[in-house]
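Hi,

Here's the structure I promised to pass on.

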Amino acid sequence: MNPTPPIRALIAEDEPILAATLAATLRRVWPDLEIAGTAPNGVAAVQQALDLRPDILFLDIKMPGQTGLEAAQELAERWDGPRPFPQIVFVTAYDDYAVQAFEQAAVDYVMKPVSDARLARTVERIKARLAPAPGQAGGDGLAHLVEQMRALLPTAAAPAERLTVIRAAVGNIIRMIPVQDVAYFQALDKYVNVASSEGDALIRLSLKDLLPQLDADQFRQISRGAIVNMRHVTSASRDDAGKLTLHLRDRVDTLRVSPLFAHLFRQM
Amino acid sequence: MTTLARLFQPAGSCRPRLRRFADDLGLTIIVCAWFAVLITLVNGKTYQLYDQMVYSIAIGVIALAILDGVRLTVLDDPARRRRWLLPFAVLLVATAPFAHFCGIVIGSLILGNPVPDLSSYPSRGDKGMILFALLAQLRLLQAQIEPHMLFNTLANLQGLIAIDPQQASRMLDHLIQYLRATLSATRAETTTLAQEFEAAEAYLGLMAIRMGARLSYRCTLPPDLRGARLPAMLLQPLVENAIIHGLEPKIDGGTVTVEASARAGLLEICVSDTGLGLPETPAPAKGSGVGVTTTRERLQVLYGARAALTLVPAQPHGVLARLTLPLETA
């Protein structure tokens with residue numbers, strides 16, 4: 001019998017005193033837990049999680065670099081290898097929207113200031129989830145997170161003005177691209193690339209601002225950085241690692257689908 | 001909390017006022033006794049239970065006498081109630097320290113303990129109680145103070161009390177000063193530059209403890225400008241913007257500099273940060289525009305063209321907010 005390896009946690013929190021306090025509280029309510037590290041921002045959180053492969057990830061919502069929600073999304077897209085996806089616990093001070101969303105999605109979340117009793121309840125919940133259920137491989141953290149994140153992601157947002165034509169600058173002319181001809185939109189640094197059968201063009205608008213202006217049935221977000229026109233998708237293929245790729249009409253390039261959105265391309 | 005809820009219930013006009021006061025009195029004594037039990041459980045000094053009960057009930061009865069007195073006389077008439085609600089809320093806040101101090105004096109007289117004088121109030125132990133009371137009053141403060149900031153600060157305090165009590169005490173001092181400045185500013189129309197700088201330094205001191213090495217700050221106020229008068233809450237939003245939009249979201253953090261100078265009959269206050277800088281598309285800058293717009297509107301009303309607020313990119317990065325207004329010395 002091998003001794004069971006210790007369960008390891010990573011804390012992502014930008015305020016050093018709060019990070020130390022959470023670590024101290026965890027040591028009190030869960031002495032066997034190993035705290036593998038502390039990340040001071042949303043970017044380091046993803047990197048350290050990929051390096052340390054913890055079992056549990058405590059994510060502050062409001063962090064520099066990127067928010068805890070964004071970090072969880074990025075981690076879900078970049079997680080690979082045999083280790084199960086970490087159990088995620090969101091930590092927040094006060095945020096009406098987030099708290100509401102968490103309650104709906106039943107994500108584990110704790111409010112700052114964190115009390116021992118409240119954290120002990122979270123620990124119980126994590127322990128129950130980490131224990132492999134009979135007949136199951138155990139650690140379905142990613143599938144679980146996907147379910148929860150889906151509830152948090154902005155869905156068919158408030159009906160904004162619908163775009164019918166995309167006006168994109170190419171050199172010193174403005175190209176008028178009907179939205180139905182757009183195959184996909186892809187975020188490129190400060191721009192968005194508009195890919196159509198006629199080639200590519202750049203617009204200065206973020207995907208976040210673009211999404212509510214598009215028909216939600218036709219245009220779907222498939223990762224943090226891409227929105228696809230479902231009518232241009234010809235097929236979806238899955239590779240050995242389980243990664244999903246989209247092939248498009250009149251385009252040679254393909255698009256990678258984040259696990260968070262893979263459900264859109266499941267067979268009927 | 002039950003007493004609080006009852007305060008705003010529709011007046012049961014059929015019952016005599018004295019009877020209603022007696023009901024509240026009974027309830028208050030029960031609640032205060034429970035509080036005393038709670039306090040001794042929290043601080044672990046159960047042998048102080050009797051003393052705590054005497055103090056707690058004395059404080060509670062004084063607070064009740066003031067608040068219920070006002071409620072049963074002024075607020076009893078439903079027509080007047082709406083108009084008096086805000087002054088009543090202010091009274092509610094003001095009553096807390098008054099009742100706390102008087103209650104402790106009376107309690108000490110009853111118990112034969114040394115009576116505290118005003119100069120040593122609040123004591124170290126009282127600060128824990130103030131923290132407790134602060135939490136209870138959060139709802140009242142929400143209008144002026146961003147709850148996210150307050151809860152994060154309280155979470156830091158909670159952690160510091162265990163790790164570094166001295167630092168916790170310093171942080172609580174900053175918080176009290178910040179709250180006092182922010183709350184009194186909504187009533188006072190003008191203030192002195194020295195007071196505005198104190199409030200800014202309290203806020204920056206608080207944030208420096210929270211952000212650790214990520215924040216440094218420097219405030220420079222020439223002595224001859226300390227007494228300069230200016231409208232309240234002009235400087236504070238600029239300092240908070242520098243933190244909230246400039247440095248808090250920046251991974252490496254940076255420095256905030258607040259400087260005042262006078263030239264040609266004008267007072268110039270500069271708040272600069274080395275943060276993320278102005279958003280490239282100025283159109284939907286969420287939040288950041290609100291404080292700036294309000295400040296500009298106030299300046300326009302008060303001084304017309306003689307005052308201005310400009311925001312320019314700072315070098316090498318960040319924002320420089322420059323506030324110019326006529327120099328008025330009292």
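Below is what turned up, starting with some housekeeping.

This is a predicted model, so local features need pLDDT of at least 70 and side-chain atom pairs count only at pLDDT 80 or more, while totals for chains, interfaces and linings use all residues. Residues are numbered from 1 along each chain as its sequence is written, and chains are lettered from A and ligands numbered from 1 in the order in which they are written.

First, the sheet. In chain A, three strands make an open sheet, ordered E13-E14-E15, with antiparallel pairing. (Strands are DSSP runs of E, at least two residues, and helices are runs of H or I, at least four, numbered from the N terminus; two strands pair if DSSP finds at least two bridges between them.) E13 (233-238) and E15 of chain A are at the edges with a single partner strand each, so one side of each has no neighbour in the sheet. Five bridges join E13(A) to E14(A), residues 244-248; Arg238(A) has Leu244(A) as its bridge partner.

Now zoom in on Leu255(A), which sits in strand E15 (residues 254-257) of chain A. Is Leu255(A) buried or exposed? It's buried, because it has 22 C-beta neighbours inside 10 Å (20 or more is buried, 12 or fewer exposed, in between partly exposed, with C-beta atoms placed from the backbone). Ile222(A) is 33 residues away from Leu255(A) in sequence, yet their C-alphas are 8.7 Å apart.

Finally, 16 residues of chain A are in contact (C-beta atoms, placed from the backbone, within 7 Å) with 19 of chain B. Helix H1 (residues 16-29) of chain A gives the largest share of chain A's side, six residues.

Cheers

Notes. Two residues are in contact if their C-beta atoms, placed from the backbone, lie within 7 Å.
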